[in-house]
Amino acid sequence: MKVVIAAAGTGGHINPGIAIANKIMKEEPNSKIIFIGTKRGLETNLVPRAGYELKTIDSYGISRELSLKNIKRLAKTIHSITEAKNILKNFKPDLVIGTGGYICISVCTAAKRLKIPYIIHESNVLPGVATKMLSKNAEKILVGFEEAKNRLPKAKKIVFTGTPTKVKKLNLTKAQIDSKKQELGFTQEKPLVLVFGGSQGAQSINISMTNIIKNTMNTNYQIIWAAGPEQYEKVKQDLQKENIDIDKLKGIKVMPYIYNMEEIMNIADLIVSRSGAMTVTEIENVGKPAIFIPFPFAAENHQEYNARVLEKQGAAKVILDKNLTAEALNATINELAKDRSALEQMGKNAHKLSTENVEDKIYEEIKIIKNNKA
C-alpha cells in the first residue's frame, strides 16, 4: 500500500499520523508511506525521528482578520495545493490520510482533484474548520470522540475509532512506581504532579508554576514539569532572578521536554495540562486524574469542549485560562492531592473513557477503502 499522511504543526496532529503509519507498516511491511507537512512545525523533528520521509509545502492556517500578512498567507496556501498535487503525482498513493489542521486542506484538495481517495481523522470533540470543509468529499471521517459525530452533518460516513497514541497504561505495581519515583529523586510520601502545556509549552501555565515555586506553595506535593523547548530558558532565568537554581530544587524537576512521557504519566498521581485531543486521550489511556487549563485561542474553543467531557465524568477539574493564577492552581492541586483515594477514583473514571484497539479499528477502515479500490 502507498499512503500519504498530511500532518503539521503540533504533536496533536503529527503523533496520530505517526501511530497510523506505524500500524500500516506493522500489518503490511512492504507499504510505502510519506508525510506532507511544512518547514515550520514539529513535523520537521517528529516525522524523521519516527523513520518516515517528510515532504514540505508552504501552507498556512488563515485567520479571519483582514491584513496584508493574511492575504500573503492565503496566496501561498492556494499555491500549496499545486505543490501538494505535484508530490501526489510523483508518489502515486493509493490513499491520503489527513490528521487535522490546515495542511489537510491543501493536500486533500489536491487528492480530490487527482481522484485519490482521502480520509480524515478528527481527534477533537469539536471538529476543526479543515475537517468540516473536507468532510463532504472524504471517503470517511474517523473521530476520536463519539460526541463529534453530530457535528459533521455533511460527512458521507463517520466512524468512531478513538485517537491513536503511543501512550498506554503500563499497569505498574506500587513497588515499581515507588522505585521509578526514587530514581528521579522523588519520595513516596507526597503526590507527584506532572505539569506540561502540550508539545511546545504553555506560557500561562508556566507563569503560574513559576510563581508557585517562587512562593514555595508546593509544600504538600512534588512537581515534574515540562516547560517547553522554547520557554524553558525563560523559566530558568525568571527563577534565577529570585536566586532559585532550577537544577537544585528539592522535590521539583523542571525540563524543556519529557521524551519518556508514557512512563512519567504512569507514575504521576495528578496531571496538570492543556486539553488538546492527544493529551486527553493519553490521560484516559493511563487512567489519571487531571486539572485541565484549555488553550483559550484554540479553534472554536475546542479544547474546553474536550476537557468538559472528562469533567462531566468526574475525571477532571477545569480552570479556564482567564481564571488561572498561581493561587487558583495551587488551591486546586491541594484540594485534590489531600485525598489519595479520591484521586484514584478520578483516575478510574478517566480510564473508563479510554478506547481499546484504536489502531486496529483505524486500520480496518483503511483496508475497506483499499479493497474497494482494488
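Eight of its eleven residues are buried, so the rest of the structure largely encloses α4. Buried means under 20% relative accessible area, exposed means over 50%, and partly exposed falls in between, using a 1.4 Å probe and protein chains only.

Before you click on, a word about what you have open: this is a predicted model, where local features need pLDDT of at least 70 and side-chain atom pairs count only at pLDDT 80 or more, while totals for chains, interfaces and linings use all residues. Residues are numbered from 1 along each chain as its sequence is written, and side-chain values use heavy atoms, with hydrogens and water left out.

Back to α4. Show the side chains of Ile103, Cys104, Ser106, Val107, Cys108, Thr109, Ala110 and Ala111, the buried residues of the helix. What do they pack against? Colour β1 (2–6), β2 (32–37), α3 (68–91), β4 (95–98), β5 (118–122) and α5 (129–134), and you have the elements around them. Contact here means heavy atoms within 4.5 Å. Now step past the end of the helix: α4 is followed by Lys115, which has a positive phi, near 60 degrees.

Most residues other than glycine have a negative phi. Select Lys92, in the loop between α3 and β4; its phi is near 55 degrees, positive although the residue is not glycine. Is Lys92 buried or exposed? Exposed, at 58% relative accessible area. Then jump to Thr216, in the loop between α7 (203–214) and β9 (222–226). Phi of Thr216 is near 50 degrees, again positive in a residue other than glycine, and Thr216 counts as exposed at 54% relative accessibility.

Next, go to Ser135, in the loop between α5 and β6 (140–143). Ser135 is buried, with a relative accessible area of 2%. Draw a distance from its side chain to the backbone oxygen of Lys132: a polar atom of the Ser135 side chain lies 3.0 Å from that oxygen. (A polar contact is a pair of N or O atoms within 3.5 Å; within protein, one must be able to donate a hydrogen and the other to accept it, and residues adjacent in sequence count only if both atoms are side-chain atoms.) Leaving aside neighbours within four places in sequence, Ser135 is in contact with Ile141, Leu152, Lys154, Ala155 and Lys156.

Now pick Leu329 in helix α12, residues 326–337. Leu329 is buried, with a relative accessible area of 0%. Which residues does Leu329 touch, not counting those up to four places away in sequence? Highlight Ser208, Met209, Ile212, Val272, Ile291, Ile293, Ile319 and Leu324.

Finally, zoom out and colour by secondary structure. The chain has 14 helices and 13 strands, and its C-alpha trace spans about 60 × 45 × 35 Å along the principal axes. Of its 374 residues, 54% count as buried. Among contacts between residues at least 6 apart in sequence, 64% join residues at least 24 apart.

How values were computed. Helix = DSSP H or I, 4+ residues; strand = E, 2+ residues; numbered from the N terminus.
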